[in-house]
Amino acid sequence: KKFFSQLSFCIITISDRVSNNYYRDYSGIILKKIILDEGGKIFVYVVVPDIIISIINVVKFISKVYCPSVIFTSGGTGLSEFDVTPDSLSCLFDKCIPGIGELLRSVGSKHNINSWLSRNLSGIYNKTLIVTLPGSPNAVRESGFYLKKIVFHAVNIIKRL
């Protein structure tokens with residue numbers, strides 16, 4: 001069974017380095033593979049810098065224009081002053097889903113104890129599930145197995161598929 005066969009996705013990589021072409025977006029590539037391997041459709045893949053208003057605006061635009069089932073973000077969940085993804089998105093959420101962030105940290109901690117420092121979060125905005133992932137390609141890869149099951153169930157509840 002392909003978990004994402006009925007779902008549509010948008011991927012937002014949030015990174016100054018990637019947006020300025022200093023670094024390749026490996027996490028975005030991994031997210032694309034996870035989605036496509038599970039039969040999902042990708043409407044948009046975009047890279048934005050670590051700027052709060054840019055993150056908010058792109059999420060609002062994508063949500064309004066594409067109405068995806070899920071928006072995955074990658075990057076900006078750490079502790080540096082430039083990591084602003086959770087700060088940007090938490091103010092948009094109609095509902096927060098703390099369990100997804102807890103799951104991602106727990107899964108990650110089996111591979112890297114520093115995953116407990118990640119500020120991943122998840123929530124619902126405009127009937128779209130938003131899941132923030134770290135910028136680490138390994139963290140995204142390790143989370144994929146768990147995400148596909150929980151995302152499918154969450155979207156079924158949110159969208160009443």
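1. In which sense do strand E4 (residues 95–96) and E5 pair, and over how many bridges? The two pair in the antiparallel sense over two bridges; helices (H or I, at least four residues) and strands (E, at least two) are DSSP runs, numbered from the N terminus, and two strands pair if DSSP finds at least two bridges between them. Within this pairing Cys96 stands opposite Gly123 in E5.

2. On the basis of the model: it is predicted, with local features needing pLDDT of at least 70 and side-chain atom pairs counting only at pLDDT 80 or more, while totals for chains, interfaces and linings use all residues. Residues are numbered from 1 along each chain as its sequence is written, and side-chain values use heavy atoms, with hydrogens and water left out.

3. E5 and E6 form a hairpin with two residues between them, and Asn126 in the turn has a positive phi of about 55 degrees.

4. In a regular strand the side chains alternate between the two faces of the sheet. Strand E5 (residues 122–125) is covered on both faces: Ser122 and Ile124 are buried on one side, Gly123 and Tyr125 on the other. Buried means under 20% relative accessible area, exposed over 50% and partly exposed in between (1.4 Å probe, protein chains only).

5. The sheet is open and has six strands in the order E2-E1-E3-E6-E5-E4, with mixed pairing. Strand E2 (41–48) and E4 are at the edges with a single partner strand each, so one side of each has no neighbour in the sheet.

6. The chain has six helices and six strands, running β-α-α-β-α-β-α-β-α-β-β-α from the N terminus. Its radius of gyration is 14 Å, close to the 15 Å of the globule rule for 161 residues, so the chain is as compact as a globular protein of that length. The radius is taken over C-alpha atoms, and the rule is 2.2 Å times the number of residues to the power 0.38.

7. Of the 161 residues in the chain, 49% are buried. Among contacts (heavy atoms within 4.5 Å) with a separation of 6 or more, 77% are between residues 24 or more positions apart.
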